[in-house]
Amino acid sequence: MNTRIVEYNDRVVRQFVVASAFWGVVAMLAGVLIAGQMAFYQLNFGTPWLTFGRLRPLHTNAAIFAFVGNMIFAGVYHSTQRLTRTRLASDFLGALHFWGWQAIIVGAAITLPLGLTRGKEYAELIWPINIAVTVIWVVFAINFFWTLAVRNEKSLYVAIWFYIATIITVTMLYIVNHLQIPTSLLHSYPVFGGVQDALVQWWYGHNAVAFFLTTPILGIMYYYLPKAAERPVYSYRLSIVHFWSLVFIYIWAGPHHLLNTALPEWLQTLGMIFSLMLWAPSWGGMLNGLLTLRGAWDKLRTDPVLKFFAAGVTFYGMATFEGPLLAIRSVNALSHYTDWTIGHVHAGTLGWNSFMAAGMFYWLVPRLYNTRLHSTRLADLHFWTGMIGILLYVASMWVSGIAQGLMLGAVTPEGVLAYPNFIEAVTSTWAMLVTRMVGGAIFLAGFVAMFYNLLRTIRSGAPATSTIEVPIPSVPPREGLGLVRSFFNAPVLYCFLLMLFASLWGLGRGMLSIVAFVLMVETALAAMIHMSIAGARWSDWYERLLESWLPFSVLTFVAVAIGGMIQILPTVFLNQTLNEDGAWQRVYTPLELAGRDLYVREGCYTCHSQMIRSLVGDVLRYGPSGRIAESLYDFPYQWGSKRTGPDLERVGSKYPNVWHFQHLLDPRSTSPGSTMPNYPWLLRQKTDLAALESKISVQRRLGVPFPQRSGDEIVAESLAQGKGIAEDLAKSGIEIAPDREVIALIAYLQQLGKTTEAPNPRPAKNPGLAAELSGRR
């Protein structure tokens, strides 16, 4: 048989490995700094570009997209070439991908500290960088699928399934959540606002964790763990169940980030149910990974690679147990907006992502440079310092978060708050915040040791050339399934019917729900009977599907797209005039809109929420629970995800202007014990009133009923409102010009919670259905 030599492109793999390790150090260094700022406000240094509100997005983006992103690309490019037995389709696209991604990271590192942000978690980057991300991601996708199209191995291995799901789903999530209208070269407003933006944001935010921090790492686990253990994957059948159940269920779970809020009740219940269902596929994947180590457990004593892989998979199991637990409504009432969530996120990021990255690096780098690892003892030191750091970090956040949740929700027998001052929940957990910082510093030290170890390993070797001899087939391969035969067959049709009847059962009412439930059960029984009779044919269909990357990819897209459409579309078309009390959010004045943009610029949403939950503690502390129409004109929404400070939804008129001025200049003067930074630059910098004309024009396009005004009229109105606030401050001996940023921010804060009657509400065409969609009871 004739053969040919294939030489793999490992240059791009080496580049992504080094970049990942470097950006990992940067991300964790930023993390230690902002952890210190939570305990010692002086570490904000009184400098705008070093405050917590601006550095926290830098830390999260660096950890997710710079550290983990580069690690994913290294693993995908290296393993895909081996699994397809072919060279990367395009060396040029690989190089463009690498340098383009690094340019994006540098752009983020510059813009975020400057306060150039969209104000959406994990999606803060401004619109020009969003376009660059989209272009480079498409470059990655083209190179990946092109490689699959010219592969020499006909069947797709399980790792590639997860890579396909990652590329397809991240594309869908990123595009939808980043739909926006620019107001200038560096600013834009999202097309979704209020409850729709909240839902779309956490559909994206939750699944960014699922399909950027989980599915590609699972693909890496399925390739590198068996390689390192020199054992086959424990169960191929379990990997099939793991993949399809995970990619279908995960996409539905986003609403659990919005429990007890104004989000429609049916969506909250949907998110909680599907989050609980995630226990099964997540633990199925964890067990498949750990059981692959059967017969190789003795190697853990001497092999740092297997140490990291075994610990990483274990942390994956722990994080995916805790996640559904936190999605239970009663548990979420305690944990949400507290440090418990922070601990959960870092157990996954540090324990799962970072340990899997370390295991892959320690296995991969010596082979990429044809040498041995510089120091096994240093790798062991990294493992134990990393483990100690994670445990200190997570345990301190558990203690802090549970304490915060209990204190802020505590009510006396007389029906009043046991801890009426929010700051008590901050000061009482100070020791845990310091412990968190220490744990993070220890973890960082271990990671720096890994970076040094890898650099010494690289210096001791030389770039290796990897080749493989592949046969040239004498007969053409058998024909693939094609799109028609891929979809119109028993397994796919049964799955479609089950999803249809399950959706009608969950969303329907009365007889429709009962009939849908009966049909769902009957379909499930028919599928099981059919499978027992025709199991071999079903298996043959799936094996042939794995030889056809395009139909497989389309089925994957359908599996993840269904959940998004069912969640988002009803709220997009929901007639919001159905708010029970008829109260709508008041339209911002131009100056208040400018103040709101300053609120977003300074990252105030990272510490303050603007959503009073339907919980006794929240209502007693902040006022009536929030409603859908009260954030109708918020682009982006500001419900928040963490309360280091109190909720601000109804803070308007609660304090005089002078209180807000003093609080922004020196928070300790009004709230002793606060860890909030000082904002002296707000007193010096002028509000950009000239930009308001363009911003209001875009807001009008988004449906906000701003009156039509010229640019000069907008500026004049803003200065008039600012003058009123400045004159009020002058009564307290404070002289400040009406065009300063602090005036605009005070104007915004003073209007929070103010509502007006719904303007000319139109009756819904289907009041009953609309009431169900809005969660009205």
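Reply: Lysine 307 counts as buried because its relative accessibility is 11%. Buried here means under 20% relative accessible area, exposed means over 50%, and partly exposed lies in between, with a 1.4 Å probe and protein chains only. The structure is a predicted model, in which local features need pLDDT of at least 70 and side-chain atom pairs count only at pLDDT 80 or more, while totals for chains, interfaces and linings use all residues. Residues are numbered from 1 along each chain as its sequence is written, and side-chain values use heavy atoms, with hydrogens and water left out.

The side chain of lysine 307 meets that of aspartate 380 in a salt bridge, 3.4 Å from N to O. This pair links distant parts of the chain, 73 residues apart: lysine 307 belongs to helix H11 (residues 304-326) and aspartate 380 to helix H14 (residues 376-409). A salt bridge is a side-chain nitrogen of Lys or Arg within 4 Å of a carboxyl oxygen of Asp or Glu. Helices (H or I, at least four residues) and strands (E, at least two) are DSSP runs numbered from the N terminus.

Helix H14 also holds threonine 385. A polar atom in the side chain of threonine 385 lies 3.0 Å from the backbone oxygen of histidine 382. Apart from neighbours within four places in sequence, threonine 385 is in contact with Ile442, Phe443 and Gly446. Contact means heavy atoms within 4.5 Å.

The salt-bridge rule gives a count of 21. One of them joins aspartate 91 to arginine 87, with the closest N and O atoms 2.7 Å apart. Aspartate 91 is partly exposed because its relative accessibility is 36%, and arginine 87 is partly exposed as well, at 27%. Arginine 740 and aspartate 739 form another, at 3.5 Å from N to O, and both of these residues are buried. Salt bridges also link Arg54, Arg601, Glu602 and Glu741 in a network.

Next comes the division into domains. Domain 1 covers 3-462, domain 2 covers 483-573 and domain 3 covers 583-773; the bounds come from an automatic or database domain assignment. The centres of domain 1 and domain 2, taken over C-alpha atoms, are 30 Å apart. Where these two domains meet, 31 residues of domain 1 are in contact with 26 residues of domain 2.

The size of an interface is often given as the accessible area lost when the parts come together. Between domain 1 and domain 2 the buried area is about 2600 Å², and carbon and sulfur atoms give 76% of it. On the domain 1 side, Trp244, Trp252 and Trp266 lose the most area to domain 2, and together they make up 21% of what that side buries. Buried area is the accessible area (1.4 Å probe) that two parts lose on being put together, summed over both.

Across this interface of domain 1 and domain 2 the rule finds 0 salt bridges, but 4 residue pairs are in polar contact, both residues at pLDDT 80 or more. At least two residues of the domain 1 side come from each of helix H4 (127-149), helix H5 (158-177), helix H6 (194-211), helix H8 (236-250) and helix H9 (265-277). By class, that side has 26 nonpolar, 3 polar and 2 charged residues. Ala, Val, Leu, Ile, Met, Phe, Trp, Tyr, Cys and Pro count as nonpolar, Asp, Glu, Lys and Arg as charged, and the others, Gly among them, as polar. A polar contact is a pair of N or O atoms within 3.5 Å; within protein, one must be able to donate a hydrogen and the other to accept it, and residues adjacent in sequence count only if both atoms are side-chain atoms.

Valine 76, in helix H2 (residues 52-84), is buried because its relative accessibility is 2%. Leaving out neighbours within four places in sequence, valine 76 touches Phe140, Phe144 and Tyr163. Valine 76 and glycine 219 are 143 residues apart in sequence, yet their C-alpha atoms are 8.3 Å apart in space.

Arginine 85 lies in the loop between H2 and helix H3 (91-111), and has a positive phi of about 55° although it is not a glycine.
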